[in-house]
Each structure stands twice: as C-alpha cells, then as structure tokens.
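Subject: Structure handover

Hello,

Here is the structure I promised to pass on. My notes follow below it.

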Amino acid sequence: MSVPIYDDGVASGLLCGVLFGYVLESAGLGSPRKITAQFRLTDWTVFKVMFTAIIVSAAGLAGAVAAGVMPAGSVFIPTTFFWAILIGGILLGAGMATGGYCPGTSAVALGTGRLDSVFFMIGMVLGTGLFAAVFEPVKGFYEAARGPQAQTLSALLGIPAWAVLAILVIVAVLGFALGSLFERRHGGALTAEQITGDASGGRVQEIEVVSIRTG
Amino acid sequence: MHPTIRPLWPPLVAGIALGLVLLMTFLITGHGLGASGFFTRLTAWFGGELIRPATEANSYLGPFLKTAAGPLANWVSWEIVGVMLGALLAAAGGGRFRLRVDGARNVGGASRMAFALAGGVLSGFGARLARGCTSGLGLSGGATLAVAAFLFLIGFFIGGIVIGYLVRKAWT
C-alpha cells in the first residue's frame, strides 16, 4: 500500500475530525479565556501545542519521504500570496483575540457546550459572505505577490528539511522556556477547573446546570 | 452537582498527539486538517437556500453550488462534525462539559455575543483572504514547512497580540 491513500470519504473525515477535536479539547483549547490568554502572554498553550504539532508532523512527513515510504510532493503544500496571507493572518489573529476562537476551536467549543461559539460561527458566515460580496474588487489584492508554487522554507532558505526542523526545534524550546516563565509570573496557565468554572473557579455564566456524567 | 473535573493534558503531550493525528491525516487524505473550508461551504449553502440566483452569480461562492450533492458534501464537513463529537467526548469524559456562555463574566452576555460575532466576522473574512485558517494553513501548512504557513503565523501572532492588548478588558 502506498501513502497517501487519498481517501476523502466520510469515515476518513469523521476519524480525523474526532481525534482532532478530542486532542484540542483535552489541551483546553475549547476555552476562549485560555485561547485569548496566549495573546496576553499569560498562557502559552496555543503556541506550545501548535509548534509541537507542526514539528512532530513535519518530522513524520519528511521522514516518510526520506525513507522512501512516501513520494516527495505527494501532499498538498500551500503557495504564498504575500499580502493576502499576511493580512488574512492578522485578521484571524484579531478575530481570535476579539472572539476567543478560530474556525477549528469554535467547533471544539461547541462540543463542550459553550454557546458563545455559535455567535462566532454566525460571524464567520457573515465574514465569508462579505468576502464573497467584495471578491471582484479585492481579487487583485487576493492574487498579488504570488510566490513560487508550493514553496517550502527548505527551498526558500536553500537548506535541507532536517535543518529547517532543527531551527524550528530551537524556536520551540525557546518559546517553551519563555512561555513557561511568563506563565509562572502570572499564576500559571489556566487549569481544567478554571476553564470549566466550577464552584471554585466560578468564572462562567451558566445558563442551566447541564453536565454529562460518565460515572 | 457536577462530575469530577479531570486535568488538562500537558501542552507538550497534546502537541505530540496532535502532530501524530495530523501526520495520520496527511497519510490518509494527502492533505492536512482544516476548518474554515467548512464555513465557506456553509455560507454557500445558506446563500443557495436564501438568495440562490445571487449566490450562483457570485464568482467566489457560485462554484460551490455547481455539484449535484451540494456544497456541504465534502471531507471538511465530516471532519468538522468529527471535531465537535471528539470535543464532546473529551469534555464529557473529563467532566468539562457545561452548557453555558463562556467569557461573559466581565462584559455581560450581550457584549460577549457581540465580541464573538465581531471576532467571527474578522476570522471569516481573514480565512478567505489567506485561503485557510489556523488549522488548515498554520498547522497543516506548517507541517509541510510551507513558507505561506509561517508568513500566516507571523501575521496571526502580530494581529492577536496587538488587538489582544486593545480588548484585554473584555477578558480579564
């Protein structure tokens, strides 16, 4: 069997999604207070989880290609459109800071019972509709400054993939160290109790006491 | 009476687990995880239901209405359903499921909804502009070491930190 198997079916989607949602919630990333705390630099879970995941999966993909298990260029790699991606990134960061979520974490939040995520989702539909409405005038900006197709950092910097990974590991280690330092100074990253808001936490406006018992 | 709240996974553990899930996704599908694509298709679907001629004529959303199965019949839709289910399972198992409005303590329910809506609008627009979001472009693109992903992440953290400082009273 060669990989990737290019299965985009229902079972594939559900499996990948369930695992994705399970891991994100287990890390506390369904909590808008925990998520926004990253930008106040008092909780570095967003950075730590994201960077670690990127490094682990990048190492896996590069390793699979190096071992001859997976052909090079067989997975989708996005292409740079400098202005659209930079401004889009800024808007998503601003949206996360304001709304407390990003598209993926809003779905995680809904799974945990956080009804505010529904308003974020309504907003996303409106924002998408707005984009579609102004698509023609924005098109020039949208397609501007296109980089080489599927360009990787390895290609851009002229260094092998393992060297890029090594740099990312250094950035991650520094980020973990700096992040943990800031967290300690501010009383620690938000805990499960704090993000759930139980009797001791109490930072959540509960509509009704609806919780699921698992024994 | 609520069930016992179980501790969160340490970020390093969650990051490794997420990295493995992401790797598995690439090996199965040939692409990474995503999220904003679902909301694009949802918008196309709403447009198709409410103002079909205008949506069909729209150069961005129109193409999504061209398949017989409809705009929602796509891997990303099943994935997002999965994300909600997975989160529900984890939350329920961890004693962390609560039906509530989170983040309203400092600003009240109505302001929280307004902030959530505004944040959604910014994210929805931004994700279309970037052709992806934190999951699809940042995380999955990052796994392929794409330049686009890291450019996105730089913008994402700048935007988040600057606006985060301006709206800090809403969250603390």
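**Chains and folds**

Read from the N terminus, the elements of chain B run α-α-α-α-β-α-α-α. That gives 7 helices and 1 strand in chain B. Before you go further: this is a predicted model.

Chain B has 172 residues, and 65% of them count as buried. Its C-alpha atoms fill a box of roughly 50 × 40 × 35 Å along the principal axes. Take the contacts in chain B between residues at least 6 apart in sequence: 55% of these join residues at least 24 apart.

Chain A has 10 helices and 1 strand. Its order from the N terminus is α-α-α-α-α-α-α-α-α-α-β. The C-alpha box for chain A is roughly 55 × 45 × 40 Å, again along the principal axes. Of the 215 residues in chain A, 51% are buried. For contacts in chain A with a separation of 6 or more, residues 24 or more positions apart account for 68%.

**Confidence**

Chain A averages a pLDDT of 93, and 91% of the residues score at least 70. One stretch needs care. Over residues 198-203 of chain A, pLDDT stays under 50. The model has 11 contacts beyond four places in sequence for that stretch. Where pLDDT is low, the predicted coordinates should not be read in detail.

**Domains of chain B**

Chain B is divided into domain 1 (1-99) and domain 2 (103-172). The C-alpha centres of the two domains lie 16 Å apart. Contact between them involves 10 residues of domain 1 and 10 residues of domain 2. On the domain 1 side, helix H1 (11-29) and helix H2 (36-50) of chain B each supply at least two residues. H2(B) gives the most to that side, with 4 residues. By class, the domain 1 side has 5 nonpolar, 5 polar and no charged residues.

**Where A meets B**

The contact between the chains takes 126 residues from chain A and 120 residues from chain B. Which helix gives the most to the chain A side? Helix H4 (residues 82-99) of chain A does, with 17 residues. The chain A side divides into 70 nonpolar, 41 polar and 15 charged residues.

The axes of helix H3 (residues 45-66) of chain A and helix H6 (residues 134-143) of chain B come within 7 Å. They cross at roughly 35°. From H3(A), the contact uses A:Met50, A:Ala53, A:Ile54, A:Ser57, A:Ala58 and A:Leu61. From H6(B), it uses B:Gly138, B:Leu139, B:Gly142 and B:Ala143. This contact has 7 nonpolar, 3 polar and no charged residues.

**The core**

The largest nonpolar core holds 118 residues. Which members touch the most others? They are A:Val23, A:Ile54, B:Leu22, B:Ala87 and B:Phe152. H3(A) gives the most to this core, with 13 residues. The core also draws at least three residues from each of domain 1 and domain 2 of chain B.

Two of those names link back to other parts of the model. A:Ile54 is also part of the contact of H3(A) with H6(B). B:Phe152 has contacts in both chains.

Best wishes

Methods: Residues are numbered from 1 along each chain as its sequence is written. Chains are lettered from A and ligands numbered from 1 in the order in which they are written. This is a predicted model: local features need pLDDT of at least 70, side-chain atom pairs count only at pLDDT 80 or more; totals for chains, interfaces and linings use all residues. Two residues are in contact if their C-beta atoms, placed from the backbone, lie within 7 Å. Ala, Val, Leu, Ile, Met, Phe, Trp, Tyr, Cys and Pro count as nonpolar, Asp, Glu, Lys and Arg as charged, and the others, Gly among them, as polar. pLDDT is the predictor's confidence in each residue, from 0 to 100. Axes are lines fitted to C-alpha atoms, for helices over the stretch in contact, and angles run from 0 to 180 degrees between N-to-C directions. A nonpolar core is a set of buried Ala, Val, Leu, Ile, Met, Phe, Trp, Tyr and Cys residues joined through C-beta atoms within 7 Å. A residue is buried if 20 or more other C-beta atoms lie within 10 Å of its own, exposed if 12 or fewer, and partly exposed in between; C-beta atoms are placed from the backbone. Domain bounds come from an automatic or database domain assignment.
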